[in-house]
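Here are my notes on the model you sent over. Have the structure open while you go through them.

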Amino acid sequence: MGKVRHEGHLSPTQQEKREIVAQIKQTIENSQSFVIIDYKGLTVAQDTEFRAEFRKNDVEYKVLKNTLVRKALNELGYTEFDEALNGPSAFAFGTSDAVAPAKVAAEGAKKYGKMQIKCGMFDKKFADAATCDAMSKVPGRETLLAMLVSVLSAPVRGLAVALNAIAEKQGQ
């Protein structure tokens, strides 16, 4: 039997901790990015609203034990996060849109004024708080795709207009 916590729950066994670390490693490896958030000061209602915003943006938001995340990151070869893994920490993982975790977290920090981004990871590289803030200002995946379509369609539109003008001149 493990130690009994004050809520009457048993603490995780070593095997359970290893399994949790393995799950965290898999989540990190499957994510395009993640940010670590200091969420202290949020009310339950604000936290619920914040979680809903992450879900809406296809971001996985979890509160995990710092020691287990540190172990997972260290096993993956990342030690730059050790300093940030102190105090209250929540983790936002982005699998489909690399900027979504930073964007939602930055919007939450502005809205609630009580939380902040500690650091994060983009393209499997450590990013300090300033880099995370800069990434939060990058347009999201859908906006970037729309911009790309617009840029790619402009030459085609120009070609179509030119061909139409040539066809009209030859038809006269």
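1. One cut-off before anything else: I call a residue buried when its relative accessible area is under 20%. Keep in mind, too, that this is a predicted model. With that cut-off, C119 counts as buried because its relative accessibility is 1%. C132 is buried as well, at 0% relative accessibility.

2. So what about disulfides, given that a pair needs its cysteine sulfur atoms within 2.5 Å? The count comes to zero. For C119, the nearest cysteine sulfur belongs to C132, and that one is 6.5 Å away. Looking from the other end, C132 has the sulfur of C119 as its nearest, again at 6.5 Å, and is in no disulfide either.

3. On to the sheet. Five strands make it up, in the order β2-β3-β1-β4-β5, and it is open, with antiparallel pairing. Which strands stand at the edges? They are β2 (59-63) and β5 (125-128); each has a single partner strand, so one side of each is left without a neighbour in the sheet. On average, neighbouring strands are turned by 20 degrees against each other, direction ignored.

4. I36 is a handy place to start: its bridge partner in β3 is F91.

5. Helix α4 (residues 100-112) lies across β1, β2, β3 and β4, and runs at about 25 degrees to β1. Helix α5 (residues 129-136) lies across β1, β4 and β5, at about 80 degrees to β4.

6. Now for helix α3. Which residues of α3 (residues 66-75) are buried? They are N66, L68, V69, A72 and L73. These residues sit on the same side of α3, because the arc they cover around the axis is only 165 degrees. As a reminder, an α-helix has 3.6 residues a turn, so residues three or four places apart point the same way.

7. What covers those buried residues of α3? The cover includes α1 (14-30) along with the strands β1 (33-38), β3 (90-94) and β4 (116-122).

Conventions: Residues numbered from 1 in each chain as written. Predicted model: local features only at pLDDT ≥ 70, side-chain atom pairs only at ≥ 80, totals over all residues. Heavy atoms only, no water. Buried < 20%, exposed > 50% of the residue type's maximum accessible area, 1.4 Å probe, protein only. Helix = DSSP H or I, 4+ residues; strand = E, 2+ residues; numbered from the N terminus. Arc of directions from axis to C-beta. Contact = heavy atoms within 4.5 Å. Disulfide = S-S within 2.5 Å. Pairing = 2+ DSSP bridges. Axes fitted to C-alpha atoms, helices over the stretch in contact; angles between N-to-C directions.
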